[in-house]
Amino acid sequence: MPALRPLTLGQHQVWPPVVLAPMAGITNIGFRRLCREQGGGIYVCEMITTRALVERNPKTLRMIAFGDDEKPRSLQLYGTDPEITAAAVRIVVERNLADHIDLNFGCPVPKVTRRGGGAALPWRRRLFARLVRAAVAAASPAGVPVTVKMRKGIDDDHLTYVEAGLAAQEAGVAAVALHGRTASQRYSGTADWDAIATLKQALDVPVLGNGDIWEADDALRMVAHTGVDGVVIGRGCLGRPWLFADLEAAFNGRPERRLPTLGEVAVTMRRHAELLVDQFTAGARNPARGERDGCTDFRKHVAWYLKGFPVGGELRRSLAMIESLAQLDDLLGKLDPAEPFPMAALGQPRGRTNSPGKVFLPEGWLASRDDDTVPEGAEMDDSGG
Ligand SMILES: Cc1cc2nc3c(=O)[nH]c(=O)nc-3n(C[C@H](O)[C@H](O)[C@H](O)COP(=O)(O)O)c2cc1C
């Protein structure tokens, strides 16, 4: 097992070396607080598009919200145009909006890749290098570290991760995170930890490993297998924010792992819903709508919390339709608090596990790796997609 040390991101030292992966629609300020209450690490906010930030889109500006005690404040940007990305990074540093910027080169959704963004972009190696350099140049005067998060490549015949990792390092990034899948795999199959080990061997900057960490012990296994400097946790914490308590224990060499009863899960669900209500009330033009909007946002988490517990379909459906905290309390009161944690749910995939698929790319994308023209229409003007 390699020595476990704090993760260094520029001037920030992070212990344990654990990162909550940015997840659009999930890792908002409320969810991040819920997770931070469990353990240490760095907790990345939802993806923000550079164009929306530069255009001062009100919804985007509201999404950039951090707790007073959130250190470092970590923001993920999505961009395809080096100039717009640099302008967005300048806004972040001039307005002191965040302490760390991550760049998204992993998004596999057709809406993004068909315009040359996300996981499609590193293939255009000169454009990729220009974009990362532009972000680092805009962030470094303020001492804000920039990292990149990417996949292995477009598909098995078009792998980019080692070359892109070296280019990002050359451009001055503080770390590189690799999700061990190609874009064409989407979320199917298993993450390739050997590729993560290969990248770790190739780079001097810290490498973060991402993919299929379902339990704290998977994180230790990934570190042992790949030698990475930190781990990035996405779907494994959906409906299980206490995974961050387990991760902290694991990295500190302690054996305890949380196996909450259904009653304890219900307390966590209530806390999560309450934090979302606070968040939506604070950001709302009409605070009276905050409770309903927070409860609506909470609905998507219900099935993840209850995964594996013997809870009837009708109660599950009602919980996934709540409009108020009072309704939530009433329904949570119907659960059997003594029900033990379903051991069969341990180590199981959760969240997206969709099948592989064709990666939609702009016309001629694969044929010209050195073309660094900014793809047209790829700068989305809304965030969180
Ligand atoms: C609902 C959801 C939303 C996501 N949104 C983003 C995003 O905005 N930016 C990003 O870089 N990755 C995003 N991802 C990918 C995750 O950050 C992570 O790389 C991926 O889930 C693999 O890690 P895991 O196996 O631990 O889940 C998203 C994943 C999910 C499931």
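Predicted model: local features only at pLDDT ≥ 70, side-chain atom pairs only at ≥ 80, totals over all residues.
Biologist: What makes S9 and S10 a pair in the parallel sense?

Modeller: S9 and S10 are joined over three bridges in the parallel sense, and two strands count as paired if DSSP finds at least two bridges between them; S9 and S10 therefore qualify. Residues are numbered from 1 along each chain as its sequence is written, and side-chain values use heavy atoms, leaving out hydrogens and water.

Biologist: Which strands close into a barrel, and in what order?

Modeller: Eight strands do, in the order S3-S4-S5-S6-S7-S8-S9-S10, with parallel pairing. The twist from one strand to the next averages 25 degrees; angles run from 0 to 180 degrees between N-to-C directions, and axes are lines fitted to C-alpha atoms, for helices over the stretch in contact. Strands are DSSP runs of E with at least two residues and helices are runs of H or I with at least four, numbered from the N terminus. S3 and S10 pair in the parallel sense over three bridges, and Leu 20 has Ile 233 as its bridge partner in S10. Five bridges join S6 (residues 100–105) to S7 (residues 146–151), also parallel, and Ile 101 stands opposite Val 146 there.

Biologist: Why is strand S4 called largely enclosed by the rest of the structure?

Modeller: Eight of the eight residues of S4 (residues 42–49) are buried, so the strand is largely enclosed. Buried means under 20% relative accessible area, exposed means over 50%, and partly exposed lies in between (1.4 Å probe, protein chains only). S4 is joined in parallel to S3 (residues 18–20) by two bridges and to S5 (residues 74–78) by four. Val 19 faces Ile 42 of S4, and Met 47 faces Gln 76 of S5.

Biologist: How do you know whether Thr 50 is buried or exposed?

Modeller: Thr 50 has a relative accessible area of 0%, which is under the 20% limit, so Thr 50 is buried. Thr 50 lies in helix H2 (residues 50–54). Apart from neighbours within four places in sequence, its contacts (heavy atoms within 4.5 Å) include Leu 77, Tyr 78 and Glu 379.

Biologist: Why is H8 called oblique to H9?

Modeller: H8 (residues 193–202) and H9 (residues 216–226) pack at about 50 degrees, with axes 8 Å apart. H8 is therefore oblique to H9: angles under 35 degrees count as roughly parallel, over 145 as roughly antiparallel, 65 to 115 as roughly perpendicular, and the rest as oblique.

Biologist: Which residues in H8 and H9 meet?

Modeller: Trp 193, Asp 194, Ile 196, Ala 197 and Lys 200 in H8 meet Asp 218, Arg 221, Met 222, His 225 and Thr 226 in H9. These residues divide into four nonpolar, two polar and four charged. Ala, Val, Leu, Ile, Met, Phe, Trp, Tyr, Cys and Pro count as nonpolar, Asp, Glu, Lys and Arg as charged, and the others, Gly among them, as polar.
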